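I opened the notebook to record what I looked up, one topic per entry. The structure comes first, and my entries follow.

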Amino acid sequence: MINKLVKKIKETNAPVVVGLDPMLSYIPKHITDKAYAEFGETLEGVSEALWQYNKGIIDATYDLIPAVKPQIAMYEQFGIPGLVAFDKTVKYAKEKDLVVIGDVKRGDIGSTSAAYATGHLGKVKVGNNTYSLFDEDFATVNPYLGTDGIKPFVDVCKEEKKGLFILVKTSNPSSGEFQDRMIDGRPLYEWVGEQVAKWGEDIMGDDYSYVGAVVGATYPEMGKVLRKVMPKSYILVPGYGAQGGTADGLKPYFNEDGLGAIINSSRGIICAYKQDKYAKFGEANYADASRQAVVDMIEDINSIF
Ligand SMILES: O=c1ccn([C@@H]2O[C@H](COP(=O)(O)O)[C@@H](O)[C@H]2O)c(=O)[nH]1
């Protein structure tokens with residue numbers, strides 16, 4: 001799947017991921033009205049609204065971008081009906097030939113990680129039947145439990161030719177509380193980055209490893225160091241846009257080949273219609289506003305090369 005991601009980034013000339021993080025307050029009224037008319041003001045109604053909203057954004061942007069990143073928390077908050085919307089979104093994005101990065105941030109003791117890996121990236125056998133479950137192409141993983149927690153994911157990725165993005169230096173303001181702690185003269189995020197490179201050594205695509213990393217756009221100096229620590233790992237870069245990350249600091253996240261990083265924007269794209277810049281589209285044309293925001297983001301990111 002890393003090969004497909006690289007190929008699609010080259011084809012679209014867009015090292016960009018659209019984050020599908022729907023909140024009820026983002027969804028235009030015409031969508032919620034229709035969903036509630038059919039299913040009532042129920043969790044099933046919300047599920048339908050989340051799905052229709054995402055479908056509109058995917059339809060308006062899929063030809064411009066290589067990948068989407070649905071954030072599972074936004075669906076889980078509505079229980080099983082929310083997860084139904086997550087599942088429909090993943091399947092539809094794949095039908096549109098997009099690479100799907102499940103932002104699920106899993107990781108636990110080995111046996112539990114194995115179950116998470118099966119659920120998100122693998123297959124389960126029930127008697128004579130085999131089922132793919134959420135079936136994302138990549139999953140985000142938390143490395144706090146160490147190798148025991150990561151190895152089951154790596155094993156499933158090997159088997160299924162899928163991929164991981166492991167949290168190395170996150171974009172949030174307090175990420176330094178633990179991640180920047182100095183250990184034997186080096187910050188923890190560097191130790192984790194080095195380990196990501198090792199975890200990925202035996203599971204290589206053509207040029208990049210199946211094992212990538214998450215490094216926030218909000219810490220460009222650290223991005224520069226981490227690029228060198230893990231040269232074969234793709235870096236998923238959240239924090240651009242709504243969290244204040246800008247294109248200026250992002251060049252060092254890329255390798256000399258112009259590849260190696262993919263920048264995420266969620267709120268900046270999916271509720272573009274609420275920004276002054278895109279207000280002319282109006283709520284009813286929210287998806288057209290998202291398309292224009294993607295076009296602008298691609299131009300902005302490509303301006304650094
Ligand atoms: O370090 C991290 C890791 C993950 N995220 C996730 O990315 C998106 C960002 O959303 P925006 O609306 O573009 O700010 C969201 O799903 C986060 O959970 C992150 O921001 N930082």
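Entry 1: I looked up V124 and found it in strand β4, residues 123-126. Helices (H or I, at least four residues) and strands (E, at least two) are DSSP runs, numbered from the N terminus. This is a predicted model, in which local features need pLDDT of at least 70, side-chain atom pairs count only at pLDDT 80 or more, and totals for chains, interfaces and linings use all residues. Residues are numbered from 1 along each chain as its sequence is written, and side-chain values use heavy atoms, with hydrogens and water left out.

V124 counts as partly exposed, at 30% relative accessibility. I used these classes: buried is under 20% relative accessible area, exposed is over 50%, and partly exposed is in between (1.4 Å probe, protein chains only). V124 belongs to a nonpolar surface patch with V126, Y131 and L133, and together they have about 300 Å² of accessible area. Patches are made of residues with over 30% relative accessible area and no salt bridge; like charges are joined within 9 Å, and nonpolar side chains (Val, Leu, Ile, Met, Phe, Trp, Tyr) within 5 Å. The areas come from the Shrake-Rupley method with a 1.4 Å probe, and for residues only the protein chains shown count as cover.

**Entry 2: a charged patch.** I then looked for charge on the surface. A patch of negative charge there gathers D206, D207, E256 and D257. For charges, Lys and Arg count as positive and Asp and Glu as negative, while His and the chain ends are not counted. The place of a charge is NZ of Lys, CZ of Arg, CG of Asp or CD of Glu. D206 sits in the loop between α9 (188-200) and β10 (211-215). D206 is exposed, and its relative accessible area is 64%.

**Entry 3: salt bridges.** How many salt bridges does the rule give? I noted the rule: a side-chain nitrogen of Lys or Arg within 4 Å of a carboxyl oxygen of Asp or Glu. The count by this rule is 19 salt bridges. Side chains of opposite charge can pair when their charged atoms come close.

I looked up K7 and E11, whose side chains form a salt bridge at 3.3 Å, N to O. The two are separated by about one helical turn, because they are four residues apart in helix α1 (residues 2-12). K7 is exposed, with 53% relative accessible area. E11 is exposed, at 53% relative accessibility.

The next pair was K94 and D137, with a salt bridge of 3.8 Å, N to O. K94 is in helix α5 (residues 79-95) and D137 in the loop between β5 (129-132) and β6 (138-141), so the pair ties together parts that are 43 residues apart in sequence. D137 is buried, at a relative accessible area of 3%.

I also checked D103, which forms a salt bridge with K105, and the closest N and O atoms are 2.7 Å apart. D103 counts as buried, at 5% relative accessibility. K105 is partly exposed, with a relative accessible area of 39%. Salt bridges that share partners join K94, D135, D137 and K162 into one network.

**Entry 4: K105 and its record.** K105 is in strand β3, residues 99-106. I found that UniProt (unreviewed entry) gives K105 the annotation "active site". UniProt positions are in the numbering used here, feature names are shortened, and annotations may be inferred rather than shown by experiment. Which residue did I compare with K105 for distance? I took Q71, which is 34 residues from K105 in sequence and 9.3 Å from K105 in space, C-alpha to C-alpha. Q71 is in the loop between β2 (67-70) and α4 (73-76). Q71 is buried, with a relative accessible area of 13%.

**Entry 5: positive phi.** Most residues other than glycine have a negative phi. The phi of K105 is positive, near 45°. The phi of N13 is also positive, near 50°. N13 lies in the loop between α1 and β1 (16-20). N13 is exposed, at 51% relative accessible area.

Entry 6: UniProt (unreviewed entry) places "domain: Orotidine 5'-phosphate decarboxylase" at residues 15-281. Over residues 15-281, I noted 40% helix and 20% strand. The end C-alpha atoms of that stretch are 25 Å apart.
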